Amino acid sequence: MTIIGIAGGTGSGKTTVVRKIVEALPECSVAIIPQDSYYKDQSHIPLEDRRKTNFDHPDAFEWPLFVKQINDLKEGRAIEQPVYSYIINTRLKETIHIEPKDVIIVEGIMALYDKDMRDLMDLKIFVDTPADERMLRVFVRDIAERDQQFDILVDKYRNVLKPMHDQYIEPTKQYADIIIPNGGDNAKAIAMLQQYVRSFARELDLKKL
């Protein structure tokens, strides 16, 4: 099994990079584990207070469960992945059953933040996209998909997204084995990464023989 960690700021293009990796691998050989699933359960907190949660701070995540479930997959054990709802700002009762696969992709803004998590990874990737491009992507997404107001988004960027990125996300770049500038728009870097993960897949196939 190969575990790949993909980190980068909000709007950096992580999802595109993940999709390109999946396209380069055999069908049904990959499990994608989003870090967003491991936001702490807040069902015991009033909804108005939940909405004040800083989702870009390390304390928002339940790291012990996150690390345990990735380790379970690495050891060949299936997991019940939590499901988080941004509508009610807490976990749902439902879970997603995930079986171990040849390749596990751990994706999230702080996928490389925790040392115990990093130690489980065979390949660590940081998707590095300029702040202005990330900001524009976030604004377009949140206005279209989450019905956010422009002035609220500006305030959020200034007071949450930017300081949290500078303090907690950007420093994790130092742990990356591969840094992809301009995210999914970097065709050459993506092609090289695809070739690299294909070599992983071939090695795994040979070990099964």
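A salt bridge here is a side-chain nitrogen of Lys or Arg within 4 Å of a carboxyl oxygen of Asp or Glu. With that criterion, a search of the whole structure turns up 11 salt bridges. Please keep in mind that this is a predicted model, in which local features need pLDDT of at least 70 and side-chain atom pairs count only at pLDDT 80 or more, while totals for chains, interfaces and linings use all residues. Residues are numbered from 1 along each chain as its sequence is written, and side-chain values use heavy atoms, with hydrogens and water left out.

1. Let us begin with the sheet. Helices (H or I, at least four residues) and strands (E, at least two) are DSSP runs, numbered from the N terminus, and two strands pair if DSSP finds at least two bridges between them. On those terms, 5 strands make an open sheet with parallel pairing, in the order β2-β5-β1-β6-β7. β2 (30-34) and β7 (178-181) are the edge strands; each has a single partner strand, so one side of each lacks a neighbour in the sheet. From one strand to the next, the twist averages 20°, an angle that runs from 0 to 180 degrees between N-to-C directions, with axes fitted to C-alpha atoms.

2. Within that sheet, β1 (residues 2-7) and β6 (residues 123-128) run parallel and are joined by 4 bridges. If you want a pair to display, A7 stands opposite F126 in β6.

3. R19 and E23 form a salt bridge at 3.7 Å, N to O. Both sit in helix α1 (residues 14-23), 4 residues apart, or about one turn of the helix. R19 counts as partly exposed because its relative accessibility is 41%.

4. K68 is partly exposed at 47% relative accessibility, whereas D72 is buried, with a relative accessible area of 11%. Salt bridges that share partners join K68, D72 and R77 into one network.

5. D119 and K115 also meet through their side chains in a salt bridge, at 2.8 Å from N to O. D119 has 48% relative accessibility, so this residue counts as partly exposed.

6. Which charged residue is buried yet has no salt bridge? R134 is the one to look at: the nearest side chain of opposite charge, E170, is 5.6 Å away. R134 lies in helix α5 (residues 131-145). Contact means heavy atoms within 4.5 Å, and, leaving aside neighbours within four places in sequence, R134 is in contact with G9, T10, G11, S12, T129 and H165.

7. On to the interior. In soluble globular proteins, nonpolar side chains tend to be buried together. A nonpolar core is taken as a set of buried Ala, Val, Leu, Ile, Met, Phe, Trp, Tyr and Cys residues joined through side-chain atoms within 4.5 Å. The largest such core has 32 residues, and I33, F66, I70, V106 and M117 touch the most other members. At least two residues each come from β1, β2, α3, β3 (79-85), β5 (103-107) and α6 (150-169), with α3 giving the largest share, 6 residues. A second, separate core of 20 residues includes V17, A24, V30 and I190.

8. I33 deserves a separate look. Beyond its neighbours within four places in sequence, I33 has contacts that include Y38, F66, I70, L73, I79 and V106. Y38 is also in contact with L65, as are P82 and R91.

9. Finally, two backbone angles to check. C28 is not a glycine, although its phi is positive, at about 65°. C28 lies in the loop between α1 and β2 and counts as exposed because its relative accessibility is 61%. N182, likewise a residue other than glycine, has a positive phi near 65°. N182 belongs to the loop between β7 and α7 (187-208), and at 40% relative accessibility it counts as partly exposed.

How values were computed:
Buried means under 20% relative accessible area, exposed over 50%, partly exposed in between (1.4 Å probe, protein chains only). Lys and Arg count as positive and Asp and Glu as negative; His and the chain ends are not counted.
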